[in-house]
Amino acid sequence: RCVEFAVELSRTGLHLRQAFFCWAIFSACELGVFDLLLQSQKPMSAVEVAQKLGTSEDGIERLLDVLVAIEIVDVEVVQGTAFYSSTDVANLYLAKTSPKSLHDLIIYNSQTIYPLWNNLVDAVREGKNQNEKTFGLPSEEIFSAIYRSEEEMLKFMGLMNSTWVIDGHDIVTAFDLTNFKTVIDLGGCSGALARELAKEYPSSTVTVLDLPAVVQTAQQHFAQQDDTICFQEGDFFEGEIPPADLYILARIIHDWKEEKNLKLLKKIHTACHPGGGVLIAEALLFENSRGPTMVQMFSLNMLVQTEGKEHPPSHYTHLLTEAGFRDVQVCRTGKSYDAILALK
Ligand code: SAM
């Protein structure tokens, strides 16, 4: 028992080490370390970085040294002074200005997910999200909590946007969607996945339907020159769902309880053109729910912040069939999110 206990303890230590790495990266992102190093024409000393970012010299030096140890920042020592510079990986994924930047995702994790996970004990005890305890917001209004200010809405939309920079292409190519000429991405947020779809299927028209404030923010902050997609304000629970050949539900089902999802899928089935379909993008659990570990973690994450959870494929097949869809096909992409297609 002693040996087992020691092994467990050392594992906790290992996980804590990984958590420390994350905190170091999150803090460096929030402080703007990677943006500064990218913009700088030459390697910078800790004193220079501290002056530019308004931090303590000692604190930033310790942080930079950790970033060097995990190979996210390079260092060169000249006459006893350390000079720090960015690495390609930091420039690509951590600097704000890179098209592949994960900066928004990191900031959202740091400022929203971590505080919620601090109340995981209560979430497990109560079986409820922790929006009230963490942010003082009603637990049943999940999107009022997520969109509690304009700044928070932008952060959340940035987070949603960055996922599809990495996984979007795998979702839109999981099945051949060429025959679906009108596509509506319900709850499509910033439009990142819709743009991936429009890029892959240029002969289809792709519309994002989302809550009015989200659409306005998307148009103001995430629109692109010569945008390939349209936006429509709406409410998929309370309002009408416009007719289309294909509906996308990306990370929607995992937000809500079963009865709400069934109501939504039945509405979609009614609005859908004959021969049309619905494409669901979610992280799928194994059928026996014994993994993947990351998806089990996502499910705990849904517990702390929404009404929903992650599911195995059979749950989606059951919901879709119950709503009237047929020919349910599942594609595990090997990335964080998988795809399910069902036809009317
Ligand atoms: N589909 C996007 C993605 O995967 O990046 C966003 C997923 S996010 C978890 C849920 C989305 O549903 C948000 O954009 C939110 O604004 C939208 N949403 C929530 N309730 C809605 C409603 N009643 N009608 C329309 N959109 C809604």
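Predicted model: local features only at pLDDT ≥ 70, side-chain atom pairs only at ≥ 80, totals over all residues.
Let me begin with Glu307, which forms a salt bridge with Lys260, the closest N and O atoms being 3.8 Å apart; by salt bridge I mean a side-chain nitrogen of Lys or Arg within 4 Å of a carboxyl oxygen of Asp or Glu. This pair links distant parts of the chain, since Glu307 lies in the loop between H14 and helix H15 (313-322) and Lys260 in helix H13, 47 residues apart. Helices here are DSSP runs of H or I with at least four residues, strands are runs of E with at least two, and both are numbered from the N terminus.

Residues are numbered from 1 along each chain as its sequence is written, and side-chain values use heavy atoms, with hydrogens and water left out.

Returning to that pair, Glu307 is partly exposed at a relative accessible area of 22%, and Lys260 is partly exposed as well, at 29%; the terms are buried for under 20% relative accessible area, exposed for over 50%, and partly exposed in between, with a 1.4 Å probe and protein chains only. Lys260 has a second contact to report, in that its charged end sits over the ring of Phe237, 5.4 Å from the ring centre. The criterion is that NZ of Lys or CZ of Arg is within 6 Å of the ring centre and within 35 degrees of the ring normal.

Phe237 takes us to the aromatic residues. The structure holds 12 aromatic pairs, where rings of Phe, Tyr and Trp (for Trp, the six-membered ring) pair if their centres lie within 6.5 Å, and planes under 30 degrees apart count as stacked, over 60 as edge-to-face and the rest as tilted. Phe236 and Phe237 form an edge-to-face pair, with 4.9 Å centre to centre and 85 degrees between the planes, and both of these residues are buried. Phe143 and Tyr147, which are likewise both buried, form a tilted pair at 5.5 Å centre to centre, with 45 degrees between the planes.

Lys335 is partly exposed, at 39% relative accessibility. In another, the side chains of Glu152 and Arg148 meet at 3.1 Å, N to O; Glu152 counts as buried at 9% relative accessibility, whereas Arg148 counts as partly exposed at 27%. Asp122, Arg125, Glu126 and Lys133, for their part, are linked in a network of salt bridges.

Now the backbone. Most residues other than glycine have a negative phi, and most peptide bonds are trans. Arg251, in the loop between strand S7 (244-250) and helix H13 (258-271), has a positive phi near 55 degrees. Arg251 is buried, at 7% relative accessibility, and its charged end sits over the ring of Tyr337, 5.0 Å from the ring centre. Asp226, in the loop between helix H12 (212-221) and strand S6 (229-233), also has a positive phi, near 50 degrees, but Asp226 is exposed, with a relative accessible area of 74%. The peptide bond from Gly291 to Pro292 is cis, with omega near -10 degrees, and Pro292 lies in the loop between strand S8 (272-282) and helix H14 (293-305).

Finally, the second largest pocket is lined by 15 residues, of which Lys96, Ser101, Asp104, Gly158 and Phe222 lie nearest its centre. The elements giving two or more residues to this lining are helix H6 (103-117) and helix H10 (150-172), and H10 gives the most, with 6 residues. A pocket, on a 1 Å grid over the protein atoms alone, is an open set of points where a 1.4 Å probe fits, with protein on both sides within 12 Å along at least five of seven lines, and lining residues have an atom within 4 Å of a point.
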